[in-house]
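Open your viewer and get ready to select a few things with me. We will take the stops one at a time.

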Amino acid sequence: MSADAPAGQPAATKVNPNGPTEETVLSVEHYTDRLFRFRTTRPQSFRFRSGEFVMIGLPKDDGKPLLRAYSVASPSWDEELEFYSIKVPDGPLTSRLEAIQPGDKVLLGRKPTGTLVLDALTQGKRLYMFSTGTGFAPFASLVRDPETYERYDEVIVTHTCRDVAELTYSKNLVASLQDDPLVGEMVEGKLTLYATTTREPHARMGRITTLIETGKLFTDLGVPPLDPSTDRAMMCGSMDMIQDVKALMLKANLKEGSNAAPAEFVIEKAFAG
Ligand code: A2P
């Protein structure tokens, strides 16, 4: 008999104090056959900064957890957690995660981290958040955080996807902020969503890199070209996308920052399951 177990009872399963916590799925919304979001409970001990990512997962049949990095899409003040996910047909995690229903359990890592945080940028006037695909997730967090509007006069979020339907999450979220009790008044006149598609006709089209290079982004927005004395940028998308956008930031004389050494732009690869 285990020394820990009271007489006649089995020993309790060992809980790893550094291991993931088990959270309950509260809601699930599917946007396309490639994209969905879900919300979960948030343990009181779980602290993060808007824009950070954390490990999310499901238990495997062999009992070991299967975890992948996910940006937290909800802001740091929210009592619940939100995640925006791609569905990869053969992805070991997302192919199972896409089937979750309210009431199901998901695993949540205990150590959120990341560089897409306001503190990794030096003070500026205009904040750009460049995203493609699920790279919008960290910005879904930051556009709901009042601190973003306290720090910047103007906040421009760009989101580029292949199809119009893939813009649903960002478009709905930004539209809903107008009536948001917390940031509703702050976003007015300050927040702009610049949404484009690359493979289906839409009001605005083109890769963000092309729109920056040709200057169309700035003429469309009615703002001056990138300027390190006023502009700050965050970017999140595929590895190719962030490398290409980063090159354009460097060309405009913006310097890359980090938590340890804040500067004028920061990058993070969008995570996929
Ligand atoms: P495109 O359709 O021209 O490839 P994905 O769904 O593959 O992650 O892509 C999301 C969006 O990011 C697409 O609109 C895609 O455009 C665009 N994209 C892909 N690679 C780059 C890149 N290197 N720079 C800018 N945008 C990119």
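Begin with strand β3 (residues 53-59) and β6, which run antiparallel and are joined by two bridges. Strands here are DSSP runs of E with at least two residues, helices are runs of H or I with at least four residues, and both are numbered from the N terminus. Two strands pair if DSSP finds at least two bridges between them. Now click on Gly 57: its bridge partner in β6 is Leu 107.

A word on what is on screen: this is a predicted model, where local features need pLDDT of at least 70 and side-chain atom pairs count only at pLDDT 80 or more, while totals for chains, interfaces and linings use all residues. Residues are numbered from 1 along each chain as its sequence is written, and side-chain values use heavy atoms, with hydrogens and water left out.

Next, select strand β1 (residues 21-30), which pairs with strand β6 (residues 105-108) in the antiparallel sense over four bridges. Glu 23 has Val 106 as its bridge partner in β6.

Now move to the ligand. Which residues surround the ligand? Among them are Arg 34, Thr 132, Cys 161, Arg 162, Met 241 and Asp 244, where near means that a heavy atom of the residue lies within 4 Å.

Zoom in on Asp 244: an N or O atom in its side chain is 2.8 Å from a nitrogen atom of the ligand. Then select Arg 162, which has a polar side-chain atom 2.9 Å from an oxygen atom of the ligand. At Cys 161, a backbone N or O atom lies 3.4 Å from an oxygen atom of the ligand.

Last, colour α8 (239-251) and β8 (154-161), the elements that give two or more residues to the shell around the ligand. With three residues, α8 gives the most.

Notes:
Polar contact = N/O pair within 3.5 Å; in protein donor to acceptor, adjacent residues only side chain to side chain.
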